[in-house]
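Please find below a short report on one protein model. It begins with a single residue and then turns to the sheets and helices.

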Amino acid sequence: MKIFVSTGEVSGDLHLSYLAKVIRKKYPDCELYGVAGLHSREAGVTVIQDIQELAIMGFLEAFKKYSFLKEKMESYLQFIEKEKIEKVLLIDYGGFHLKFLKALKERCPDVKVNYYIPPKLWVWGKKRIQSLRLADEIMVIFPWEVDFYQKEGVKVHYFGNPLVETCPPRKQSGDKILLLPGSRKQEILSVMDIYYDLILRNPKQEFLLKLSNEEAFSFLPKEMKDLPNVEIIFGKDLGEIVKKCSYAVAVSGTVTLELALFDVPSIVVYRTSFLNYFIAKYLLKVGYISLPNITLGEEVFPELIQKDCEVKNIEQYLEKIKQNPASWKKKLESVRESLSGENIIENYADFLVEGEK
């Protein structure tokens, strides 16, 4: 069987890599081609388009890249037709994938489409649910999504959250504070001055700045690269890195859930352009932006957004974490329990290849 896969972002590439490892081992005759990154390539996916070119953050950036993405869509459709692809797997990246799904069903109606980790319509609203209905199968990774889609008459499949299996609680910790600025250029630039000030103001504290790739190194202030109390790394496994750290400060995204499952108390930061923030605030249907907080419906990690994203606030919350570690640990355990399941990644891989049994 030939499966075309499409991710678009680092988090989706990670999720694809988990599936690919199982599929390559359990279904050796299954071939995976498509839009992915380093993690999936290492797991055996034949990458025809690297996701580094596709990273987009916010509504304004998506509008600017519209024609570029339209050209990419056409090239993917041609590949699917030429290679006689039998099944397509779309992972997250809703802004592009819902349009791609519509075009795919018009051009190749017999190709079966599985949407894994669909757009967070329970956050942004239900307007795009009709587009999602075009998918033959929908696989979700959060328990509340099952109820959400059932109420809309959409059948979905849920086996648990894969990160529960890939992010076990760490068995040791260090004294460093981990700084995670995200994977997109816009994300990194939006918070790097905050991280730089935090490092400068705390010369006796050691920091570890994890970048997604070597290119991100060029986005840092020149002075930051020479600071004695920060170690800058890229490409290393997050599970190993957290063993050296006590706490983390991270840009909102999938990584906040990984940190919660790794049992790392964290502070979530987020800054974007005024236009992006205005649109997001208007559209958002939930009270939190980070996945651990959404999972429990309460504050697990403090969220410092826009004007609240200041060094003094980060320092205050770091002090609060130190004062009450037991409370944090209990909440992090609750996050894990809420998302658990059995043979989670294997079940998703089996469903993708074999369908419903």
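Gly239 is buried, its relative accessible area being 10%; buried denotes under 20% relative accessible area, exposed over 50%, and partly exposed the range in between, with a 1.4 Å probe and protein chains only. This glycine, Gly239, lies in helix H11 (residues 238–241). Helices (H or I, at least four residues) and strands (E, at least two) are DSSP runs numbered from the N terminus. Between the C-alpha atoms of Gly239 and Pro168, which are 71 residues apart along the chain, the separation is 8.1 Å.

The model is predicted: local features need pLDDT of at least 70 and side-chain atom pairs count only at pLDDT 80 or more, while totals for chains, interfaces and linings use all residues. Residues are numbered from 1 along each chain as its sequence is written, and side-chain values use heavy atoms, with hydrogens and water left out.

**The two sheets**

Strands of a sheet pair through backbone hydrogen bonds, either parallel or antiparallel. Here two strands are taken to pair if DSSP finds at least two bridges between them.

Another open sheet, of 7 strands, has the order S3-S2-S1-S4-S5-S6-S7, and its pairing is parallel. Its edges are strand S3 (46–50) and strand S7 (157–158), each with a single partner strand, so one side of each is left without a neighbour in the sheet.

| Strand pair | Bridges | Bridge partners |
|---|---|---|
| S8 and S9 | 3 bridges | Leu178 and Leu208 |
| S6 and S7 | 2 bridges | Met139 and His157 |

**Helices on the sheets**

Helix H1 (residues 10–26) packs on the 7-strand sheet. H1 touches strands S1, S2, S4 and S5, and its direction makes about 140 degrees with that of S4. Contact means heavy atoms within 4.5 Å; axes are lines fitted to C-alpha atoms, for helices over the stretch in contact, and angles run from 0 to 180 degrees between N-to-C directions.

Helix H10 (residues 185–201) has 17 residues. Its buried residues include Glu187, Val191 and Tyr195. Among the elements covering the buried residues of H10 are strand S8 (176–180) and helix H15 (311–323).

Notes: Expected span 1.5 Å × (residues − 1).
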